[in-house]
Amino acid sequence: MQIKVGFDIRLGVWAPTRVIHLLRVHPSRRQDIVGAERITVTGGKEPVQYVDSFGNLCAHVDVMEPVESLVFTGEAVVECSDEPDPVVLDAEQHAVTDLPTEAHQFLLPSRYCDFDSELMQAAWDTFSNEPEGWRRVQAISDFVHERITFDYMKARANRTALDGYREQVGVCRDFAHLFVALCRAMNIPARYVTGYLGEHGVEPSGEPTDFSAWSEVFLGGKWHTFDARHNARRIGRVVMARGRDAADVPITMCFGPNRLHKFEVISEQMG
């Protein structure tokens, strides 16, 4: 199936500054784009594109004077499988001594995926008796799905995994952060993913479309998708960026005073 994805984001910027964005479809999905991905930025200098240390496609825009509206718009049609996220029940958990070195960074605490003694102890108390591998990871997803109540009105940008565990409320990034932190506490490499996930193949929720966050874990020599917020295998995911947590993959990051004027996201099945 083909899915049309896109966005319209507008910021007021009150001082000269630089704005980073990670709004392009991830390199791992470039071959699935039908035609061309179209992204425009108005209100600043010509964007400078680059690839970050995680392999994400990024750009920065320099704003040389205050602007009422720095506008980011984009659109792409992406070919997606009709099949839901794969389930690989026999995917084995690696001993730490067998992990590839590139997986090490996804075992360490990070800005939002903190696991001090409290969260580490909770992880081992809760999951140490679960069979290693896929079933243990699924048990972690089940736990996070039940632990946190989704509530847009209680979103906040500085909530960490430990905060989410204690407060038991959040949005998709909070589910992903707690899931990632608990996996890492159990020596399972896990990373944070941001992208599009429309309501394809599920009952419409009535909520506005937004970017989504989910997770990937390293089992059996491969990365596998898990989504603790929905705790279901879904169709139509389109990855934009991967990192240790949300701090690595901001949709936009403005290094100066700004205000969000407009934020619209689309993810619609074609035909």
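## Close-up views

**Asp248 sits in a loop between two strands.** Asp248 has a relative accessible area of 16% and is therefore buried (buried means under 20% relative accessible area, exposed over 50% and partly exposed in between, with a 1.4 Å probe and protein chains only). The model is predicted: local features need pLDDT of at least 70, side-chain atom pairs count only at pLDDT 80 or more, and totals for chains, interfaces and linings use all residues. Residues are numbered from 1 along each chain as its sequence is written, and side-chain values use heavy atoms, with hydrogens and water left out. The loop that holds Asp248 runs between strand E12 (237-243) and strand E13 (252-254); helices (H or I, at least four residues) and strands (E, at least two) are DSSP runs numbered from the N terminus. Leaving aside residues up to four places away in sequence, Asp248 touches Leu22, Asp52, Phe54 and Gly243, where a contact means heavy atoms within 4.5 Å. The side chain of Asp248 also reaches the backbone nitrogen of Arg244 at 2.7 Å. Such a polar contact is a pair of N or O atoms within 3.5 Å; within protein, one must be able to donate a hydrogen and the other to accept it, and residues adjacent in sequence count only if both atoms are side-chain atoms. Ser53 is 195 residues from Asp248 in sequence, yet their C-alpha atoms are 9.6 Å apart.

**Strands E4, E5, E2 and E13 form an open sheet.** The order is E4-E5-E2-E13, with antiparallel pairing; two strands pair if DSSP finds at least two bridges between them. Strand E4 (48-51) and E13 are the edge strands, each pairing on one side only. On average, neighbouring strands here are turned by 20° against each other, direction ignored. Axes are lines fitted to C-alpha atoms, for helices over the stretch in contact, and angles run from 0 to 180 degrees between N-to-C directions. Within this sheet, strand E2 (residues 17-21) and strand E5 (residues 57-63) are antiparallel and joined by five bridges. His21 has Ala59 in E5 as its bridge partner.

**Strands E11, E10, E9 and E12 form another open sheet.** Here the order is E11-E10-E9-E12, and the pairing is antiparallel. E11 and E12 are the edge strands; each pairs on one side only. Neighbouring strands of this sheet are turned by 40° against each other on average, direction ignored. Seven bridges pair strand E9 (residues 190-197) with E10, and Arg191 has Glu216 in E10 as its bridge partner. E9 pairs with E12 over six bridges. H4 packs on the sheet and touches E9, E10 and E11; the direction of H4 makes about 15° with that of E10. H2 lies across E10 and E11 and runs at about 30° to E11.

**Strand E10 is covered on both faces.** Nine of the nine residues of E10 (residues 211-219) are buried. Phe211, Ala213, Ser215, Val217 and Leu219 lie on one side, and Ser212, Trp214, Glu216 and Phe218 on the other. In a regular strand the side chains alternate between the two faces of the sheet.

**E10 and E11 form a hairpin, and His224 stands opposite Val217.** Two residues lie between the strands, and Gly220 in the turn has a positive phi of about 55°. Five bridges join E10 to E11. His224 belongs to strand E11 (residues 222-226) and counts as buried, because its relative accessibility is 9%. The side chain of His224 reaches the backbone oxygen of Leu219 at 3.0 Å. Not counting residues up to four places away in sequence, His224 touches residues including Val88, Ala91 and Trp134.

**Helix H1 has a buried side.** In H1 (residues 117-127), Leu119, Ala122, Ala123 and Phe127 are buried. Seen down the axis of H1, the buried residues fall within an arc of 100°, so they line one face of the helix; the arc is that of the directions from the helix axis to the C-beta atoms. Ser117 and Asp125, on the other side of H1, are exposed. The cover over the buried residues of H1 includes helix H2 (134-147), helix H3 (161-167) and helix H4 (172-185). At the start of H1, a side-chain oxygen of Asp116 comes to within 3.1 Å of the backbone nitrogen of Glu118.
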